[in-house]
Amino acid sequence: MIIDYKKYPTPRMRHHTAPNLYVPFNEFKVLPRYYPPIMPEIDWSMYFANAAPPTVLDIGCGRGGFLLEYALRNPTVNIFGVEVRKQAVEWIDSIIKGEQLPNAGVAWYNTTNGLPFITSESVDAVCYFFPDPWHKKKHHKRRAFNTLLVQEIHRVLKPTGTLYLMTDVEEVDAYQQEVLKAHTGFEFAYASDDVWDLPRTDHENFSIKKNIPYIRATVRKRF
Ligand SMILES: C[S@@+](CC[C@H](N)C(=O)[O-])C[C@H]1O[C@@H](n2cnc3c(N)ncnc32)[C@H](O)[C@@H]1O
């Protein structure tokens, strides 16, 4: 099946959303009125036809090209995307509903709040692709890939599970390896093209089009 994207005109989307939406909810005295839901738990029947929890997560799924293609290629696997830009989520959701995809779900969510709605050791793959680099030091705290998220990824992955990473920013690669190393529960390895069997993401297509080199890595759970 191929999605006819002409049926779903892309809304104009900003690269970033309001700065306070990247802040964890527990850092606010009063939560901003317009803040992504906290989601301590999820009724999976709201997202997936088989009501089962997802076994693949797409963190910061952006415009959802990877999420949708993965769902089409793997009809027996539930894939769940989380994304902090509400417009992107609403657009992806309109495609999921329009195409009646039974195994794709997406939620407006800020991952600096962890992944409390995912059961421990229930996920085969966590995908974290082309994160916003937030180059300036004063913006580093907006990076979603922090100690908490890495702990959460480790918690939700099955013992055989893998975290898949891609970035076209060397500094982000170095930063991510540092955070992973500090955790100690992961085995990082760069991945060559021949071992990578995943659909392309929207940002990956952009990097290819612009001839921007990028790295791929597989990070296995060590214990
Ligand atoms: C450069 S885009 C890459 C999108 C997609 N993964 C791809 O490869 O095409 C990074 C995405 O991460 C999202 N993001 C950044 N911080 C986030 C957070 N704390 N929670 C959820 N999504 C976040 C951004 O809104 C953006 O859509």
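Begin with the C-alpha atoms of the protein chain, over which the radius of gyration is taken: for 223 residues a compact globule would have a value near 17 Å, and the chain has 17 Å, which agrees (the globule rule is 2.2 Å times the number of residues to the power 0.38). This is a predicted model, in which local features need pLDDT of at least 70 and side-chain atom pairs count only at pLDDT 80 or more, while totals for chains, interfaces and linings use all residues. Residues are numbered from 1 along each chain as its sequence is written, and side-chain values use heavy atoms, with hydrogens and water left out.

Next, colour by secondary structure, where the chain shows five helices and seven strands (DSSP runs, with helices being H or I of at least four residues and strands E of at least two), in the sequence order β-α-β-α-β-β-α-β-α-β-α-β.

Now select the ligand and the 17 residues around it, of which Gly60, Glu83, Phe129, Thr201 and His203 come nearest (a residue counts if one of its heavy atoms lies within 4 Å).

Then display the polar contacts, pairs of N or O atoms within 3.5 Å. A ligand nitrogen is 3.2 Å from a polar backbone atom of Val84, a ligand oxygen is 2.9 Å from a side-chain N or O atom of Arg85, and a backbone N or O atom of Asp202 lies 3.4 Å from an oxygen atom of the ligand.

How values were computed. A polar contact is a pair of N or O atoms within 3.5 Å; within protein, one must be able to donate a hydrogen and the other to accept it, and residues adjacent in sequence count only if both atoms are side-chain atoms.
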